[in-house]
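Here are my notes for your read-through. Keep the model open as you go, and check each point against it.

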Amino acid sequence: MAQAFEVNSAAPIRKERSPWELLSRFAPLIFLLLMMAVFATLEPRFLDPTNLFNVMRQISITGLIALGMTFVILTAGIDLSVGSVLALSAIVAAAVAKGSTGNSLSLDSDEVTGYGWFASLLTAVGIGVLCGFIQGFTITRLKVPPFVVTLGGLSAFRGLTLWFSGGGPISGFDADFRWWGQGMIGPVPVPVILFLLCALICHVVLRHTRYGRNVYAVGGNMEAARLSGILVSRIILSVYVIVGFFAGLAGFVLNARLNSAEAVAGQGYELTVIASVVIGGTSLFGGAGTIAGTVIGATLIGVLVNGLVLNNVSSYIQQVIIGLIIISAVAFDRYIKNRRRH
C-alpha cells in the first residue's frame, strides 16, 4: 500500500500510471469505503452522525501521534515508546494543572489551585519533546538502533510515570481544561478539529518545504542524502522530537477528554499508531508515504474497531484482525516493490 501514496521528492517527473498502480494508489480509501458499506449494512446505527463523530473523536488521540510517527517511519525509523511518552506527559501535565508535585495526586480539584490548562499544555508537549530529543540523540550520536532505543524508552518512561504518580490517577479538571477533549465547535468535536488542523500543517511541511523533501530523501537513500549535503543526523533527531511533541499533545487531549490522567494510559497505542501509518501507505522501509494516507489509515482502524464493537466482536478478536491487516499491508508493499523491480 505504501506505493499508493509514494512521493518522489528528488525528481518530480510525471509519468503514466497503469490501472494496477492507480488501483493500488487508492487501495486504503477503497477499502475504507467498502468496510463502511459493510458495517452500515450489518448495523444501521453505524451511520448515525453521533456514532461517526464519536469514531472521529476516538481516533483523534492516536491520529495525532500517527502524524508524528509518519515522519519517523519516512526515515525508515520506528518509535515503540509513544504510549509511554503519552502517559508520562499526561500525568505530569495533570499534576501541573492540579498544582501538585507529590506522589499523592488523587486530589479533589476543589482543594487545589492549579496552574491552568495552558501551563498543562506546555508541560505535556515539553515532556514529549524532551523524551523525543533524548531518544533521537541516543540514536544519532550513540548509533543505537531505533528499535532498541525506543523499546528501552517504552519501559523507562512507563516506569517514570508509575514512580511519579505512585500508580494513582489524577482527576477533576476545570471546564476550560475539559473543553479541549469534550468541547464542540458547531457539530464537530474539538479534538477532531485539532487533529485535522495538525494533519494539514504536517502535510504542508512534508510536501512543500525543504525539510520535508529532506525527510523523504533520508528515508529513500540515507547514504545518497548524506553525500548530497543533507545533515542526516539532524533530520533523524528532529523526527523523534516531532513524534514526542505529538505524543505529549495527545496526552493533554486525552486528559481533557477523560477528565482524568492515569499511569496506565496509552498502553498498546504503539500498535495502533504504527498500524495507522502503515495501512495508510507509508512504507516501513522509508522514503514513501503521505499524511493523507495516515489520516485514512487512522480512520480505517477507528471504523474497523467501532464496527466490530457494534457487532459484538470480542476485543481479543479485534486485536487479531488489526494484526492481520498490518501484515497484509506490509506484504502488499513488498509485492508492489518486487513487481516494479521486475
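1. What share of the contacts in the chain with a separation of 6 or more comes from residues 24 or more positions apart? The figure is 79%. Bear in mind that this is a predicted model.

2. Start with the inventory. The chain has 14 helices and four strands. It runs to 342 residues, and 51% of them are buried.

3. Next, the inside. The largest nonpolar core has 89 residues. Within this core, L64, L67 and M69 touch the most other members. Helix α11, residues 232–258, supplies the largest share of the core, with 15 residues.

4. Look closely at L64. Leave out residues up to four places away in sequence, and L64 touches L194, F195, C198, F246, L249, A250 and V253. Find C198 in that list, as the next point returns to it.

5. How many disulfides does the structure hold? It holds zero. A disulfide is a covalent bond between the sulfur atoms of two cysteines. Take C198 as a test case. Its closest cysteine sulfur is in C202, 6.5 Å away, and that is too far for a bond. The cut-off for a disulfide is 2.5 Å between the sulfur atoms.

6. Now a helix pair. Helix α5 covers residues 116–141, and helix α6 covers residues 146–165. Their axes come within 9 Å and cross at roughly 145 degrees. The crossing is right-handed. On the α5 side, the contact is made by C131, Q135, T138 and I139. On the α6 side, P146, V149, T150, G153 and F157 take part. Sort the residues of this contact by class and you get five nonpolar, four polar and no charged.

7. Is helix α12 mostly covered or mostly open? It is mostly covered, with nine of its eleven residues buried. The helix spans residues 269–279. Its buried residues are Y269, E270, V273, I274, A275, S276, V277, V278 and I279. Then check the backbone just after α12, where G281 takes a positive phi of about 110 degrees.

8. Move to V96. This residue sits in helix α4, residues 82–98. Which residues does V96 touch, not counting those up to four places away in sequence? They are G114, Y115, A119, S120 and T123. Take T123 as an example of sequence against space. V96 and T123 are 27 residues apart in sequence, but their C-alpha atoms are 7.6 Å apart.

9. Finish with M36, in helix α2, residues 27–42. M36 and F46 are ten residues apart in sequence. From C-alpha to C-alpha, M36 and F46 are 8.3 Å apart in space.

Notes:
Residues numbered from 1 in each chain as written. Predicted model: local features only at pLDDT ≥ 70, side-chain atom pairs only at ≥ 80, totals over all residues. Heavy atoms only, no water. Core = buried A, V, L, I, M, F, W, Y, C linked by side-chain atoms within 4.5 Å. Buried < 20%, exposed > 50% of the residue type's maximum accessible area, 1.4 Å probe, protein only. Helix = DSSP H or I, 4+ residues; strand = E, 2+ residues; numbered from the N terminus. Contact = heavy atoms within 4.5 Å. Axes fitted to C-alpha atoms, helices over the stretch in contact; angles between N-to-C directions. Left-handed = near helix turned anticlockwise from the far one by under 90°. Nonpolar A, V, L, I, M, F, W, Y, C, P; charged D, E, K, R; others polar.
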